[in-house]
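Student: I have a structure open and would like to learn how to read it. Please take me through it one feature at a time.

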Amino acid sequence: MESLGVYLKSRRDRVTPAEIGLRTYGTSRRVPGLRREELAQLAGVSAGYYTRLEQGLAETASQQVLDALARALRLDDVETTHLHNLARRSSLPKMSDPGPEEPHPRVLALLENLGETVPALVFGRRGDVLAWNHGGHSLMAEHLDFDAPKDPERRPSLPRMFFLDPLTRELHRNRAELAPIHVAYLRLTAGRYPTDARLAALIGELTMRSDEFARLWATGDVADCTVGALWLRHPTVGTLGVDYQVWLQPDSPDHRLEIYTPKDPGSADAVKLLTGFDR
């Protein structure tokens with residue numbers, strides 16, 4: 001799992017002196033972005049303290065210091081939240097296995113009330129499919145057993161499917177756009193749940209088995225993922241496009257209800273065919 005120091009360095013490397021109006025007077029530089037002392041000066045902390053922070057030798061970092069570093073590094077709100085999540089990790093207990101997740105009854109009731117004409121899935125914190133309706137199953141993973149989410153040992157994993165399953169890889173026409181989003185959101189989740197041993201194992205597995213995932217993970221990017229578009233090459237109904245949007249549940253903030261709506265009349269017809277096939 002990622003450390004505060006590793007994340008700080010990756011963000012420091014991303015900011016060039018020219019972006020912040022820093023004059024370098026033509027001197028050679030050994031780093032791609034800011035030097036440690038330059039970032040420390042911008043954030044108003046000593047170079048020695050910042051160095052210890054990046055090397056993992058400083059015990060704590062105050063909220064004020066973290067916010068100052070975030071401003072100097074030009075982090076957005078999501079990246080700043082991730083920075084704070086990483087900083088509090090040192091005070092948390094060691095890794096533990098939280099066990100299988102179970103969807104909240106209210107989430108399942110909402111999924112059921114959507115009916116079968118609106119494809120939808122319920123994801124857990126690690127991207128496991130906790131539930132889906134027939135429309136969601138036939139749209140996103142018709143090659144898998146419909147009842148698989150009911151068994152914690154057989155639950156489909158969206159990250160594994162996206163990076164390791166050949167059929168899912170073929171499904172997404174815009175996977176080059178989606179892949180960085182998947183990885184950036186998984187990094188955000190890792191910052192939120194730093195002691196989740198199952199999440200750490202998932203990240204390790206994907207890093208070892210997918211060169212694409214490893215390359216994207218190395219960028220250090222972090223982002224939330226609540227809306228977007230999927231352009232699909234579906235084996236049953238051909239090409240179609242859907243918009244996805246995520247509904248977060250107050251009773252179970254770890255779980256996300258993801259709903260898919262057609263982008264155009266042709267895609268709407270394709271979705272109607274799919275919801276009719278999987279009955």
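This is a predicted model: local features need pLDDT of at least 70, side-chain atom pairs count only at pLDDT 80 or more; totals for chains, interfaces and linings use all residues.

Student: Where does Ser157 lie?

Tutor: Ser157 is in the loop between helix H7 (134-140) and helix H8 (158-164).

Student: Which residues is Ser157 in contact with, leaving aside its neighbours within four places in sequence?

Tutor: With those neighbours set aside, Ser157 is in contact with Gly127, Asp128 and Leu202.

Student: Is Leu273 buried, exposed or partly exposed?

Tutor: Leu273, a residue of helix H13 (residues 265-277), has 47% relative accessibility and therefore counts as partly exposed. In sequence Leu273 and Val237 are 36 residues apart, yet C-alpha to C-alpha they are 7.4 Å apart in space.

Student: How does the chain look as a whole?

Tutor: There are 13 helices and five strands in the chain. Its C-alpha trace spans about 65 × 40 × 30 Å along the principal axes. Of the 279 residues, 47% are buried. Among contacts in the chain with a separation of 6 or more, 59% are between residues 24 or more positions apart.

Student: How should I describe two packed helices?

Tutor: The description uses the angle between their axes and the distance between the axes. Here, helix H2 (residues 36-43) packs with helix H4 (residues 63-72) at an angle of about 115 degrees, and their axes are 8 Å apart. That angle makes H2 roughly perpendicular to H4. The crossing of H2 past H4 is right-handed.

Student: Which residues of H2 and H4 meet?

Tutor: From H2 there are Leu39, Leu42 and Ala43, and they meet Ala68, Leu69 and Ala72 of H4.

Student: Which residues in H2 are buried, and what covers them?

Tutor: Glu38, Leu39, Ala40 and Ala43 are buried in H2. The cover over the buried residues of H2 includes helix H1 (4-14), helix H3 (47-54) and H4. After H2 comes Gly44, which has a positive phi, near 75 degrees.

Student: Next, the aromatic rings. How many aromatic pairs are there?

Tutor: Two rings pair if their centres lie within 6.5 Å, and by this rule there are three aromatic pairs. One of them is Phe162 with Phe163: the ring centres are 5.1 Å apart and the planes are at 75 degrees, so this pair is edge-to-face. Phe162 and Phe163 are both buried.

Student: Is the pair of Phe213 and Trp217 stacked, tilted or edge-to-face?

Tutor: The planes of Phe213 and Trp217 are at 20 degrees and the ring centres are 5.7 Å apart, so the pair is stacked. Both residues belong to helix H12 (residues 211-217), and because they are four residues apart there, about one helical turn separates them. Phe213 and Trp217 are both buried.

Student: Which residues form one aromatic cluster?

Tutor: Phe162, Phe163, Phe213 and Trp217 form one cluster.

Student: Which charged residues sit over rings?

Tutor: Arg187 has its charged end over the ring of Trp217, 4.0 Å from the ring's centre. Elsewhere, Arg125 lies over the face of Tyr193, 3.9 Å from the ring centre.

Note on methods: Residues are numbered from 1 along each chain as its sequence is written. Side-chain values use heavy atoms; hydrogens and water are left out. Rings of Phe, Tyr and Trp (its six-membered ring) pair if their centres lie within 6.5 Å; planes under 30 degrees apart count as stacked, over 60 as edge-to-face and the rest as tilted. Buried means under 20% relative accessible area, exposed over 50%, partly exposed in between (1.4 Å probe, protein chains only). Helices (H or I, at least four residues) and strands (E, at least two) are DSSP runs, numbered from the N terminus. A charge sits over a ring if NZ of Lys or CZ of Arg is within 6 Å of the ring centre and within 35 degrees of the ring normal. Axes are lines fitted to C-alpha atoms, for helices over the stretch in contact, and angles run from 0 to 180 degrees between N-to-C directions. Angles under 35 degrees count as roughly parallel, over 145 as roughly antiparallel, 65 to 115 as roughly perpendicular and the rest as oblique. A crossing is left-handed if the near helix is turned anticlockwise from the far one by less than a right angle, and right-handed if clockwise. Contact means heavy atoms within 4.5 Å.
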